[in-house]
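The sequence and structure are shown below.

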Amino acid sequence: MRFSVLTLFICNFLFAQTQYPKDYFRPPLDIPMQLSGNFGELRPNHFHAGFDLKTNQREGLSVHAVADGYVSRIKISTFGNGKCIYITHPNGYTSVYGHLQSPVGAILDYVKATHYKEKAYEIEMFLKPNELSVTKGQIIGLSGNTGSSEGPHLHFEIRDSKTEFVINPIFFGFDQNIKDTKKPTLSSLYVYPLDNATVNQSKQPLLLAMTLQKDGNYLASKVKANGKIGFGINAIDTDDVSFNKNGVFNVTSFLNGNQNYNYQFNTYSFDEMRCINAFIDYSRYKKTSQRVQKLFMKTPFALSIIKTDSLRGIIKTEPNLASTYRIEVSDYFGNLRTVTVPIEFDAATPIVEAEPATGKYFIRYNKDSNFEKDNMSVFFPAGTFYEDFNMNFDVRNKKLYIHDDTVPVHSNFTITIKDDSYPENLKDKLYIGRGTSHNGTIRKGDVFTAKAKILGQYGLVLDTIPPVIKIAKPIQDKWISDQKKIDLTIGDSLSGIKSYNGYINGNWVLFEYENKARRITHVFDEALLNEGANDLKVEVVDNVGNTAIFETHFFRSQQK
């Protein structure tokens, strides 16, 4: 993990040096554009990479290519963007359409052929420019709710085709489709004492009171501090028609009129996404679900949207020196909200002491660390964490305790467990898990190894229980000539589902997997069915090899 400190010499609303085309792309939907999520919105472990466009709370709307180009990639997944199409355009950008119900036309034919060629539902295809060309306005798919979507909508992105950086779609003229006259909302302001500093006689972070002024801006209560301090805000943005609580576009802070911290959601890479956990007060988020955006870097981290002064937004309070701190929060349309914070030095004795460091072991974020006890160990490569901290580590009752999930992890660490107490026939049924979750375990003899990105309690989990398969509507020995599809639910209580396959009359057939409902669905293809008797078989395998098989027999007539 590479860290860098970036120096700020930019002004508000100079969006980016790149001049993006304003009239090249059309909207991907025919209905008026309404956002349920905007670019840069704060999400679990990542910043949002595009627009979430409302689809009137339903599926099946036509999704159009926003410009001429060719389908360069198609990914079908049970998670993430679900069914997703990528179109590369001759102007150097790629548009992305996620959570689709289905592709259509030649794209659907290509996808279906690949499903059957690879005998898998989850597939990823990279296409050449001459394989599937599209024209501006062409219908490429239907909107849906696949993958990790929490409701029907279209996820839409624009990327730089060469770098794969995601770019805020607002820059491409889509601001003309959105009406926004509302100022962002600033719901809370926190001050953080750093390096044993004191704020208002407290060594712990404090929520500051804010008073709304006549001009619509805020004045915060006075901060009396001794030492280094930083600030954090909880802010959202809404527009005139969507009413969703979206992310803010630009935040800039000033100390005595000099800009000292800024971030603006223009463009960033996928490698930077996880830095959101350093960008926010992660511990507070895990405890309260509140995402406070910090306006300082205690330790520098590599997030390119942040521009800062040499002190990384940290403020040094000094005797006989009063200061004024101002935060400006704005959206793309220039709607602005500010809060002013008076600061003065105060050497008063603290009343509230800092929370004691309970961890026994001091971790340096930029150094390798290894801990071992009772045939269990954990190795943290340099760069695993964002900051130094005191960590708890212990092994008790064959459980590995690695602190807790209030400290963010940037990259994988390695857990190793040696255990020779299980008979040979059960060793392949063991995996390293946090709770029951599966962590991609590798076994060599009696030694088990897994990668992880979350701190907490780990141990070996024995899974001898096969998955469960249930049919939604029994069809055993029934005539189902009018039935268009068949649904089954599949699940596994421990290691989780690794694979599933369905067969009709001994031939592999496509079952689509909807992870949210744990449902697999096969739409009947008459060419794959017999007149009269047909056999169905579904086989599901979990992550340690336990297998479940469901078989049934049904009748179908193709005579209409």
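## Pairing of S29 with S33

In this predicted model, strand S29, residues 376-380, pairs with strand S33, residues 413-418, in the antiparallel sense. Four bridges connect the two strands. Within this pairing, Met376 stands opposite Ile417 in S33.

## The five-stranded sheet

Both pairings belong to an open sheet of five strands, in the order S28-S29-S33-S37-S36, with antiparallel pairing. Strand S28 (369-373) and strand S36 (442-444) each have a single partner strand and stand at the edges, so one side of each is left without a neighbour in the sheet. On average, neighbouring strands of this sheet are turned by 15° against each other, direction ignored. Strands of a sheet pair through backbone hydrogen bonds, in either a parallel or an antiparallel arrangement.

A search of the whole structure finds three cavities of 30 Å³ or more. The largest cavity has a volume of about 210 Å³.

Its lining comprises 19 residues. Of these, Leu35, Asn38, Asp237, Tyr332 and Phe333 lie nearest the centre of the largest cavity. By residue class, the lining of the largest cavity divides into 10 nonpolar, five polar and four charged residues.

Definitions and conventions
Residues numbered from 1 in each chain as written. Predicted model: local features only at pLDDT ≥ 70, side-chain atom pairs only at ≥ 80, totals over all residues. Heavy atoms only, no water. Pairing = 2+ DSSP bridges. Axes fitted to C-alpha atoms, helices over the stretch in contact; angles between N-to-C directions. 1 Å grid on protein atoms, 1.4 Å probe; cavity = no way out; pocket = protein on both sides within 12 Å on 5 of 7 lines; lining within 4 Å. Points joined across faces, edges and corners; volume = space filled by probe spheres on them. Nonpolar A, V, L, I, M, F, W, Y, C, P; charged D, E, K, R; others polar.
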